[in-house]
Amino acid sequence: MTVAMLQPGIEARRHHARQYVAGLATLCGLVALGAFASGPMGGTVTEMMIRMVVVVGLYIFVGNSGIISFGHISFMSIGAYAAAWLTCCTLPMVKPLYLPGLPEWLQNTAAPFWVGLLAAAILSGLSAFVLGLALMRLSGIAASIATFGLLAVQFNVYTNWESVTAGHQFDQQHTDLRRSLDGFLLCGGGDRGCSRPSEFPVRHHVAGRAGR
Amino acid sequence: MNLFLQTMVDGLCLGSLYALVALGIGLIFGMLRLVNFAYGDFITVGAYALVIPSTSAAAVMYLDPSDAILVVVAVCAVVAAVALLSDRLAFQPLRQAKPATLMVTSFAVGYVIQNAIVMLYGSRPKAIGLWSNLLAPIDVGPLRLPALQIVTIVAAAVLLAAITLVMRKTRYGIQMRAAAEDFAMARFLGVRAGPIIGVAFVVSALLAAAVSLLVTTQTGVLVSNMGVNLMLFGFVAVVIGGIGSLSGAVLGGFLIGFASALLQAYLPDGVRVFRDAFVFGLIVVVLLVRPSGLIKVKAIQERV
């Protein structure tokens, strides 16, 4: 008979604390690696972190609603373009050359990165809110397909609205429809694939007991 | 007037292809709740099955394309084998799994097939001259149509009629329809699950083979992801037609075909590039108005 068995709560809490500290340390290490490592390593780590943010975003919707959303990647695209419109191309010549359809004031703007980040969050958040009002009247597979319709519309518009997005001039690899569809795969395909965070403590608790 | 007629024929032709794809997807979906994203890759396999593996840009075919029956039979056999194999290896162990798990599995199967094709044939598009004499236009009344359009429409009509007949008159067809509406109840009533799923996979593979031959003849190019777009349109057709209803899937396929053709013909010049945005916008509207699709099936409706 161990102390842990008499005080499973404390043991479990210590276990969690250790896990959180380990997780946080790993995260800090990765951030440092992404920030300071040069060459392919830094790039890979940065990309990994971006994907992680995507997964968390997807999870918040898919994991809580149970609706597999194919469309969430289009909010990423909306945000990315919002940031690009504000921050892209510091030279006075490049922006009007590539994106002649932008309004005058945007053509002469090259805002700092954090402004772009903020604008990206605001624009994609707003569009998600408005579209969500309409689409979330649906449920189940109809909702999934409606979000796919949304992805197809957004993809088609942004690819072909040349004067504002320079759609065809940029690397096609990054604007491939199937590639955007793959985004949802990152999440493991829905709430039943992912474990809810709230389940973790419960499971460890149970596992801890069963183990003894 | 001629433009309108031509557009309607285009729509019928495109709709036929989508309807065949939608039927192939809908059949499996109704029965197994498997959203088969690998279906597009079955189509791709059918097209590549004609060609000797190599990385060269021009395709060399195994069979003489003038022997049409042999080509059709060979392609059907290869696609059916791939479909059955993917069922055996990937889907059969997951019969009790949730639909979302099956969907992710089908993504993975699609990736495996696509990358296997890239490994064998290289990732560059290949030119292939399959029945290219069908592309020559012929006069039909006031219209000049490529013979292929007529072949496509006739082939689709024959296939749809044959499948309707099989579904209504034969033992396996009736079992498949029962299984598509309510698999558990069908099994209680004596439908054996294994064989009937196999038959469904073979039927859907035959449809994929037909589509791949028609599409390859039309485009004359093999690309490793050529089936993906067809699969997406077919899948959307299944959903707006009404999940679980095979006639709904066909109806949805034709609707999307006609909508694409009409928008392509009548959208003003600057807006035409946004055709797909309009098509999918319409699809979202249809779903908002009728969330369970155009033709409702009782057993499928989600209980709230």
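Helices, here, are DSSP runs of H or I that span at least four residues, numbered from the N terminus. In this predicted model, Q154(A) lies in such an element, helix 8 of chain A, which covers residues 140-160.

Chain A contains 11 helices and zero strands. Read from the N terminus, its elements run α-α-α-α-α-α-α-α-α-α-α. Of the 212 residues in chain A, 34% are buried. Among the contacts in chain A between residues at least 6 apart in sequence, 62% join residues at least 24 apart.

Within helix 8 of chain A, Q154(A) has a relative accessible area of 9% and therefore counts as buried, the cut-off being under 20%. The side chain of Q154(A) makes a polar contact of 2.7 Å with that of S77(A). Leaving aside residues up to four places away in sequence, Q154(A) touches S74(A), S77(A) and I78(A).

The largest nonpolar core has 125 residues, of which M31(B), F37(B), Y39(B), L50(B), I256(B) and L287(B) touch the most other members. The element that gives the most to this core is helix 8 of chain B (residues 193-219), with 14 residues.

I256(B) illustrates the packing around one of these residues. Not counting residues up to four places away in sequence, I256(B) touches Y18(B), F233(B), V236(B), A237(B), I240(B), V279(B) and I283(B).

The C-alpha atoms of L207(B) and L20(B) are separated by 6.0 Å, although the two residues are 187 residues apart along the chain. For P195(B) and Y172(B), 23 residues apart in sequence, the C-alpha to C-alpha distance is 9.1 Å. With residues up to four places away in sequence left out, L207(B) touches L20(B), L23(B), G24(B), Y39(B), L159(B) and I163(B).

Y39(B), a contact of L207(B), belongs to helix 2 of chain B, where it is one of the buried residues. Helix 2 of chain B (residues 39-48) is mostly covered, with 10 of its 10 residues buried. Including Y39(B), the buried residues of this helix are G40(B), D41(B), F42(B), I43(B), T44(B), V45(B), G46(B), A47(B) and Y48(B).

**The interface of chain B and chain A**

Contact between the chains involves 30 residues of chain B and 30 residues of chain A. Together the two chains bury about 2500 Å², of which 77% is on carbon and sulfur atoms. In chain B, F107(B), F274(B) and L288(B) lose the most area to chain A, together 21% of what that side buries.

Zero salt bridges are found across this interface, and one residue pair, both at pLDDT 80 or more, is in polar contact between the chains. On the side of chain B that touches chain A, the elements giving two or more residues are helix 4 (99-121), helix 9 (228-241) and helix 11 (275-289) of chain B. Helix 11 of chain B gives the most, with eight residues. The residues of this side divide into 22 nonpolar, three polar and five charged.

**Salt bridges**

Over all chains, the count comes to four salt bridges.

| D87(B) | R95(B) | 3.2 Å |

D87(B) is buried, with a relative accessible area of 5%, whereas R95(B) is partly exposed at 28%.

Note on methods. Residues are numbered from 1 along each chain as its sequence is written. Chains are lettered from A and ligands numbered from 1 in the order in which they are written. This is a predicted model: local features need pLDDT of at least 70, side-chain atom pairs count only at pLDDT 80 or more; totals for chains, interfaces and linings use all residues. Side-chain values use heavy atoms; hydrogens and water are left out. A nonpolar core is a set of buried Ala, Val, Leu, Ile, Met, Phe, Trp, Tyr and Cys residues joined through side-chain atoms within 4.5 Å. Buried means under 20% relative accessible area, exposed over 50%, partly exposed in between (1.4 Å probe, protein chains only). Contact means heavy atoms within 4.5 Å. Buried area is the accessible area (1.4 Å probe) that two parts lose on being put together, summed over both. A salt bridge is a side-chain nitrogen of Lys or Arg within 4 Å of a carboxyl oxygen of Asp or Glu. A polar contact is a pair of N or O atoms within 3.5 Å; within protein, one must be able to donate a hydrogen and the other to accept it, and residues adjacent in sequence count only if both atoms are side-chain atoms. Ala, Val, Leu, Ile, Met, Phe, Trp, Tyr, Cys and Pro count as nonpolar, Asp, Glu, Lys and Arg as charged, and the others, Gly among them, as polar.
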